[in-house]
Amino acid sequence: MLILLAACTTSPPRTTTAPARDLTRLPDASMGNDVVVFAVSLVDTGYRFGGRNPEAGLDCSGMVSYVMEQVAGVRLPHNAAEIAARARPVDREKMRPGDLVFFNTMRRPFSHMGIYIGDGRFVHAPSTNGAVRIERLDTAYFAQRFDGARTLLD
């Protein structure tokens, strides 16, 4: 599974933190539920490394970027670590639906990501030959690799 998830990201950026001027926010803090509904509608969409839309297939950062652009008109980079750098950290206990969850699946921070949908679950595009699906954060694989949560919501 580690090898399959490794295909989810592109080269890491030089840093994983961004100056405050580079932080991205959704235009309306109440959009979290809209983000969740749209993300869940992509379940069973095929995975494709570098994929940026459902017709071609999606990878993890491509899925998140696509959802945010469709729901909120916010353009994000197609790279999990770069998206993490543009979002604000949020405590795990304070995560809200629509927040972003990150994982270290390639022995580097923020190498995989998904969208938190509530109740300890998230939606993500996991791997080559896979499809967008919902997983639990407390499964052994993801719990060991959880790298934190970030938010674009105010």
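Modeller: In this predicted model, R133 has a relative accessibility of 31% and counts as partly exposed.

Biologist: Which residue forms a salt bridge with R133?

Modeller: In general, side chains of opposite charge can pair when their charged atoms come close. Here the partner of R133 is E135, and the closest N and O atoms of the two are 2.6 Å apart.

Biologist: Is E135 buried or exposed?

Modeller: E135 counts as buried, because its relative accessibility is 15% and the cut-off for that class is under 20%.

Biologist: How many salt bridges does the count come to?

Modeller: The count comes to three. One of them links R136 and D138, with 3.1 Å between the closest N and O atoms.

Biologist: How do R136 and D138 count in terms of exposure?

Modeller: R136 is partly exposed at 35% relative accessibility. D138 reaches 51% and therefore counts as exposed, the cut-off being over 50%.

Biologist: Which side chain meets E69 in a salt bridge?

Modeller: That of R75, at an N to O distance of 3.6 Å. For E69 the relative accessible area is 34%, so this residue is partly exposed. R75, with 64%, is exposed.

Notes: Residues are numbered from 1 along each chain as its sequence is written. This is a predicted model: local features need pLDDT of at least 70, side-chain atom pairs count only at pLDDT 80 or more; totals for chains, interfaces and linings use all residues. Side-chain values use heavy atoms; hydrogens and water are left out. A salt bridge is a side-chain nitrogen of Lys or Arg within 4 Å of a carboxyl oxygen of Asp or Glu. Buried means under 20% relative accessible area, exposed over 50%, partly exposed in between (1.4 Å probe, protein chains only).
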